[in-house]
Amino acid sequence: MSGMYGEIALELIKELDRHKGKLPPFQENELRQALDEMQILFEQNQRDVSMNIPGNPEFLAALHLRHAALERNKQCILAYLYTRLKVITDLRWDHGPVIPAEVRANMTEQEVQFFANYNKTLANYMGSLGENHGLDLTQDLKPPKTLMVEIRVLQDYGEFELEDGTSVLLKKDSVHFLPMSQCEALVQQKIVEVVQKQKSLHQK
Amino acid sequence: MFDVRDMVNGQWLLVEEEAVNCIPPTSAKMLVEHYRRDFIERIVGHRLIIITNQDVDAVCTVKILTTLFKTEGIQYILLSCSGLTELKEKYDEYNSQSDRCLLVNCGGTIDVLDLLGNPPREKLFFILDYHRPLNILNYYNATGQVVIISVLESEENIPEIDEIFREEPPDSSEEEDDHDDDEALDANGMNERQRRKTERRAQRQLYTTWVKKREHLLFTYREHSYYSRPSALYGLEIAWGMSRDDMESVWSAIVSLTDSLVLGRLPRPKYSEYASTVNDHILRISNANQLPRDCLKIRFERDLFLFLYRHWSVYDSLKTTPYVVSTLKTWSQDGHRKLKQMLAHLGLPLSEVKQKYANMSLDLRRQLVEMFSSQVVVENYKLPDLVFGSFVAEIGFRPKFNALDVQLATLALLEEPDPNKTEEERFLLAVQGLDVRNFEKGGIEKAKGMMKQVNNQVQMMVEMKLVQEVGPFLFVQLTDSMIDFNYFKRPAGIPLLANFLQHAGIRAGKKGWRQSPWLIMIPYDQEYFVAVGVQPGAFEQADKNIFPEVFRCIKGKMGEDVVADWFDGWAILVKNQKRQVFADLLLALSE
């Protein structure tokens, strides 16, 4: 084993930091190495303690050092795992119940399991709100400035049904002023675009 | 001057003729009297279909109204169309979506209900149109479905309702048969019958004279076409009525007002009148709120009637502005010398005027307006209108810009001959381009190209002597070398070219040409050309135009060979092969 104690665990944290807010592939090797390191440290400590006679300060400093390294590794690994879970829960709020395939490829089996559970819990909770109607908490995370949005249709789409039961015909180059909540999906599918809002002078 | 009266054979009256016998409408007129009550409150809670013409005024109006609807939270669908067929197409596609429809600058002069196939009663149509005269059947409509957003002006003499609608008395001959058998021998009945008969005959007589009078009335009403207040001014007033007006809607209204002046839709006195109302709005708004430094500020001030000079050099601008070009005849060597002479007289060094306006020395820039309004220019060079009351805007410390340039930029965006963009796309681009913070982006450069093209056309017309005297008309046939990249194919931009051609033609040609109507033929595509009728003196003074009525007549005779689809009647499409037929008809009608 090369380098200082805890170096590999730190590498894990750095890796996450480089991909802030995203989910990098799970570093299984590094994690295992860090755990091995902890195992070795623990065994050495165990040995020293069993050999040690009480009141003899000879081994105490080494013991302390190893223990600190051990604790640090533990902290780093937990932080690594926890942050990944945090990213996964955030994904649920941003992208909805279905995770994009490329993100899913970076998740471990347990994480997928966690996500499914989280999904279920959240759905149960949202269903219990708002007197039997349920409430989609993931919408309007920030209070919207306007409820309506002006959109321009980029390609012929045909009839689009709105929540209130009425439908709108979306044809190329027509402009519509519709409730924001209904248009988000259309914007993501690049069928419509939001008509440019005025930029303030300072941004330019 | 020719008289259209002789050439009318009743054909053009057909539409009204059918309606004579219908029951007179119960409600007298359908004008919006109170914007909030009669317009906004009737569309709140509905989705509004806005169908708009594609011209600068419509761009401005749409800009104002959509901003208003956005703040009021009124859902809308915005569609633009270039002519009657497209209007009908769009309506058919979308009519299931809503019961409320707003027509901007289209539909006022035609019977909307008839065109759209007599829609069911719950559909309401709001018409905001500057084309005049209004169609009588829109004004008096029996079902109350058509609502016109307008304030009638004194020159709009819409005939009274009982002068146009009256129930037809029963046909006398028919009734006679009915009664013959019953009362055949009764002496009293004889008398009675006689009496009734004469009564009926008198009624009949009265009716026929009434019909004649009606025809005459309608004819004089429809004979001349003209334009009233720009729709954007109504848009501004609606926004004001809802207390939602701001500087930017005022600016849009100004651009549209300037458009009316530049394209000769409004006479100058009218322009000044409306300009002063707009100025009142500016004062009211800027007094009402404390404005931060970087917001839009507009001032009404005397400015040069030179196209795009703030974004070009003064010299280039002088050489392309129609008013200067045709007055000084700068297409000739002589005129060129005159222009330079004038600059020398004013003390403007060539090196200064030939560089970009922004780089000119500050002292000169400040004196420009004063210089060009001096006695020298007015008297020696006969350019009294080179300085006019206009609006200049600025934002923060950025360079000022004036309404004239923005108008031209918008027009250029709208009429840009780019085959990759559909007309609707260009319309939306123009609406975006009107945004005060980024209007410079492409419109200005395109406007320069457009002005250069106008000047080329004029130069060509003068050099190749394209003006022909044909009967009472003057024909100008533009060559089709520039068919693919022509800015002037649709009524929104054509007046700029047509009026300029007329003025330049008169200046280069004979004095007598001043009194003649002009017919300008612009190549449109492989199959059609645009025939544009310009009334005498259109350049100096916007006036009523008789051509729409003439063209309607010709359309009646030529049928499929002529496409009269545009909302502006003075321009129609004629098949290239039928040019001679068209010209002959026109001449025949004028005799």
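Leu318(B) lies in helix 13 (residues 314-320) of chain B; helices (H or I, at least four residues) and strands (E, at least two) are DSSP runs, numbered from the N terminus. The model is a predicted one, in which local features need pLDDT of at least 70 and side-chain atom pairs count only at pLDDT 80 or more, while totals for chains, interfaces and linings use all residues. Residues are numbered from 1 along each chain as its sequence is written, and chains are lettered from A and ligands numbered from 1 in the order in which they are written.

Leu318(B) counts as buried because it has 26 C-beta neighbours inside 10 Å; the cut-offs are 20 or more other C-beta atoms within 10 Å for buried, 12 or fewer for exposed, and partly exposed in between, with C-beta atoms placed from the backbone. Neighbours within four places in sequence aside, Leu318(B) is in contact with Leu306(B), Val324(B) and Leu339(B), a contact being two residues whose C-beta atoms, placed from the backbone, lie within 7 Å. Between Leu318(B) and Ser228(B) the C-alpha to C-alpha distance is 30 Å, at a sequence separation of 90 residues.

An open sheet of mixed pairing is formed by eight strands in the order 5(A)-1(A)-4(A)-2(B)-1(B)-3(B)-4(B)-6(B); two strands pair if DSSP finds at least two bridges between them. Strand 5 (192-194) of chain A and strand 6 (146-148) of chain B are the edge strands, each pairing on one side only. On average, neighbouring strands of this sheet are turned by 25 degrees against each other, direction ignored. Axes are lines fitted to C-alpha atoms, for helices over the stretch in contact, and angles run from 0 to 180 degrees between N-to-C directions.

Within chain B, strand 1 (residues 48-52) and strand 3 (residues 100-104) pair in the parallel sense over five bridges, with Leu48(B) opposite Arg100(B). Strand 4 of chain A and strand 2 of chain B run antiparallel and are joined by three bridges; His176(A) has Ile77(B) as its bridge partner.

In the contact between the chains, 21 residues of chain B touch 16 residues of chain A. Helix 3, strand 2, helix 4 (84-94) and helix 20 (423-433) of chain B each supply at least two residues of the chain B side. By class, that side has eight nonpolar, six polar and seven charged residues, where Ala, Val, Leu, Ile, Met, Phe, Trp, Tyr, Cys and Pro count as nonpolar, Asp, Glu, Lys and Arg as charged, and the others, Gly among them, as polar.
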